[in-house]
Amino acid sequence: MDRETGVYQNLVKKESWRTVLTLAYQSLGVVYGDLSTSPLYVYKSTFAEDIEHSETNEEIFGALSFIFWTLTLVPLLKYVFIVLRADDNVNSLPNGQLADEELSEYKKDVSSLGPKSSFGSKLKSTLESYRVLQRFLLVLTLIGTCMVIGDGVLTPALSVFSAVSGLELSTAKEHHKYVEVPVACIILIGLFALQHYGTHRVGFLFAPVVLIWLLCISAIGLYNIFHWNPHVYQALSPCYMYTFVKKTQKGGWMSLGGILLCITGSEAMFADLGHFSQLSIKIAFTSLVYPSLILAYMGQAAYLSQHHVLDNDYRIGFYVSVPEKLRWPVLVIAILAAVVGSQAIITGTFSIIKQCSALGCFPRVKIVHTSSKIHGQIYIPEINWILMILCLAVTIGFRDTKRMGNASGLAVITVMLVTTCLMSLVIVLCWQKSVFFAVCFVFFFGTIEALYFSASLIKFLEGAWVPIALAFIFLIVMCVWHYGTLKKYEFDLQNKVSINWLLSLGPSLGIVRVRGIGLIHTELVSGIPAIFSHFVTNLPAFHQVLVFLCIKSVPVPHVRPEERFLVGHIGPRQYRIYRCIVRYGYRDVHKDDMEFEKDLVCSIAEFIRSGSVGINGANEDPYKDDDKMTVVGTCSSHTEGIQMSEDDVIVNIDSPGTSELREIQSPTVIKPKKRVRFVVPESPKIDREAMKELQELMEAREAGIAYILGHSYVKAKQGSSALKKLVINYGYEFLRRNTRVPSYALSVPHASTLEVGMIYHV
């Protein structure tokens, strides 16, 4: 089975309960590793402020009440039951097409969502009409994205350091910090060094560790509840929250930032939806993660209520509530669980950067697929080492959970606020719900999160400045790259060659047409790129079949194999010039070169066989610049259409052809030549002209494919503002020179490549 087809079928088929439960179990090692380790540091961060202990334990019970309701309202209600249902089909790409909205993943099942909201239609029209609103939403989204990346630095440091802090109970007070920092750094270095093995080998393997950890903290929580304070459940009443803030005043208000840490890993639920289904994530959280965390926090509160140690920060933490005989085994399990938790956020950071890069909002980076069987498993070397260096800097610089917690808390709550704002648009635009429902959602969850945000912002000088600084740096990089990419595309669009110019050249294009396929890469989805006129002007010969290839990402996670290609003619049929647009979702796996070439040629052949040169099957006006396209799938998706077989025959490619051909293709070497055959279905019959066109395509494929790539240098045009010159000439150019070359869907053979440079004055 084709790997891509199999992946998609696995995503859309109705899952059996056995499959769902298996995925729910595996999600523990990828999704919930971070969230499950929060009991290690929440109480310690909460009571790190100047809070006086009372005999009535109101400050302890108030903290427990806050933790309980925060876990219930944010991860459980907001994320599990609402946010996980949100799709992400919001298009902000410059090369978007109406045909993209016909994708199966793009269409919404509005029949079950009630009547369409008139306000939603007006809001959508307003957003599409005003660029300033689109830019505001883009910046807002990028701020949340940058905070997630910043959390990828802070969470591993906080989780691992908190787990290692259990050593404080077995060493002298004046010595334990000299042990904690080196041990934490060694573990972090090992964690990042193992990232290239992939999530499927690390996260899935450690799912039993998280399961054991959750069962462990549940058992310890139950023991503490029944042994120290069986009535601690009364503290779950929301009345204790008011008493906590009122009684502790400023210290209690600032302590909300520590309580916030009980939900650090909630965003991983939808960050890893490409790996697990919604149902499996919901089952894992509601049946195991949520009750285990509640029991753990109740158990710690029960212990603290009978041991007045709140005036001694050294003795506050998770490990003091663990029975002494179990501390060393629990310490080992906690460290392993912290490693898994860190792995979850690092994986999420890789995933979100890959998606941003696919959507043109992050510089190109090397993306390594660590598994040939499991979809979406990636590793980004450059980002991995940057995260490691920053993570070690935070660990060595702060050396305590208080400031790490302050930093992580602000990053987390900012992401949640951005999610709440954007979810209101999803509710109105995508779900077609009334504006009243969206306002209620924003008001309810926004009020809770604004409370935590203000408490976290107060701690700016105590560590909360770190995520702001990191987010600012990443935001500048992403905005500069997106702006430069957009200006480059606009230049291509404004300087594309008219179709009239092409038609004036005649079928031979005014040059010698030799055997072979010329594959011209372009970002344009319509028209002819300006770079093509350079080829025609400067080259004495060109290929008998020309394909303008545009490989683009669409704002959906996956594109079905049967909807992968859009194929059309450019000019009359006898010109043998085609446009092929290859659409990938931002979570799709790009195929290797040989498999992609086969699918590309097969899709053109199927387009020829179908006889459809437009969506409605009618011949289009050859002078029309925006030619219509036909949706064609991969070879494996149209089993009833044309199939292609290829055999290799060893030949000397110097013997056939002309000298002009050798200028475009590889030098004289002996290598396999393709023997291509099309298997055409008996029905329906195809006409003689289509058969001739297929014959020429087959001969061209046998002769080989030459890859024509444009290499652009972007400069600000004369008269531009000083800011634009700074952004384009220095910022964007620096990023372009120090990032990866464009990653097309195939690895282009150097011997068959022609690269032409151009300067873009934008």
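Predicted model: local features only at pLDDT ≥ 70, side-chain atom pairs only at ≥ 80, totals over all residues.
**Stop 1: a helix pair**

Start by selecting residues 131-164, helix α7, together with residues 401-430, helix α16. Two packed helices are described by the angle between their axes and the distance between the axes. For α7 and α16, the axes come within 8 Å and cross at roughly 150 degrees. That angle is over 145 degrees, so α7 runs roughly antiparallel to α16. The crossing of α7 past α16 is left-handed. Colour the contact between the two helices by residue class: 18 residues are nonpolar, eight are polar and one is charged.

**Stop 2: the loops that follow these helices**

Stay with α7 and move on to the loop between α7 and α8 (173-193), where Leu-167 is found. Leu-167 is buried, at a relative accessible area of 15%. Leu-167 and Leu-331 are 164 residues apart along the chain, and their C-alpha atoms are separated by 8.1 Å.

Return to α16 and select Gln-432, in the loop that links α16 to α17 (435-457). Most residues other than glycine have a negative phi, and most peptide bonds are trans. Gln-432 has a positive phi, near 60 degrees. Is Gln-432 buried or exposed? With 11% relative accessibility, Gln-432 counts as buried.

**Stop 3: aromatic rings**

Next, select Phe-444 and Phe-445 and show their side chains. The ring centres are 5.0 Å apart and the planes stand at 85 degrees, which makes the pair edge-to-face, because planes over 60 degrees apart are classed that way. The two residues can also be described by their accessibility. Phe-444 is partly exposed, with a relative accessible area of 39%, whereas Phe-445 is buried, with 3%. How many aromatic pairs does the structure hold? There are 14.

For another group of rings, select Tyr-32, Phe-285 and Tyr-290, which form one aromatic cluster.

**Stop 4**

Select residues 33-36, which make up helix α3, and pick out Leu-35 within it. Leu-35 is buried, with a relative accessible area of 0%. Then select Ala-344: the C-alpha atoms of Leu-35 and Ala-344 are 9.5 Å apart in space, while the two residues are 309 apart in sequence.

Now select helix α14, residues 327-358, and within it Val-340. Val-340 is buried as well, at 1% relative accessibility.

**Stop 4: cysteines**

Show the cysteine side chains. How many disulfides does a search of the whole structure find? The count is zero. Two of the cysteines can be checked in turn.

A disulfide would need the two sulfur atoms to be within 2.5 Å. Cys-185 counts as buried, with 11% relative accessibility.

Select Cys-361 and Cys-356. Cys-361 is in no disulfide, and its nearest cysteine sulfur, in Cys-356, is 6.1 Å away. Cys-361 also counts as buried, at 7% relative accessibility.

**Stop 5: two loops next to strands**

Select Arg-576, in the loop between β5 (565-569) and β6 (577-585). What is the phi of Arg-576? The angle is near 55 degrees, a positive value in a residue other than glycine. Arg-576 counts as buried, at 4% relative accessibility.

Finish in the loop that connects β10 (705-715) to α24 (722-737), where Ala-716 is found. Ala-716 counts as buried, at 13% relative accessibility. From C-alpha to C-alpha, Ala-716 and Tyr-760 are 8.1 Å apart in space, and they are 44 residues apart in sequence.

Definitions and conventions:
Residues numbered from 1 in each chain as written. Heavy atoms only, no water. Phe/Tyr/Trp six-rings, centres within 6.5 Å; stacked < 30°, edge-to-face > 60°. Buried < 20%, exposed > 50% of the residue type's maximum accessible area, 1.4 Å probe, protein only. Axes fitted to C-alpha atoms, helices over the stretch in contact; angles between N-to-C directions. Helix = DSSP H or I, 4+ residues; strand = E, 2+ residues; numbered from the N terminus. Parallel < 35°, antiparallel > 145°, perpendicular 65-115°, else oblique. Left-handed = near helix turned anticlockwise from the far one by under 90°. Nonpolar A, V, L, I, M, F, W, Y, C, P; charged D, E, K, R; others polar.
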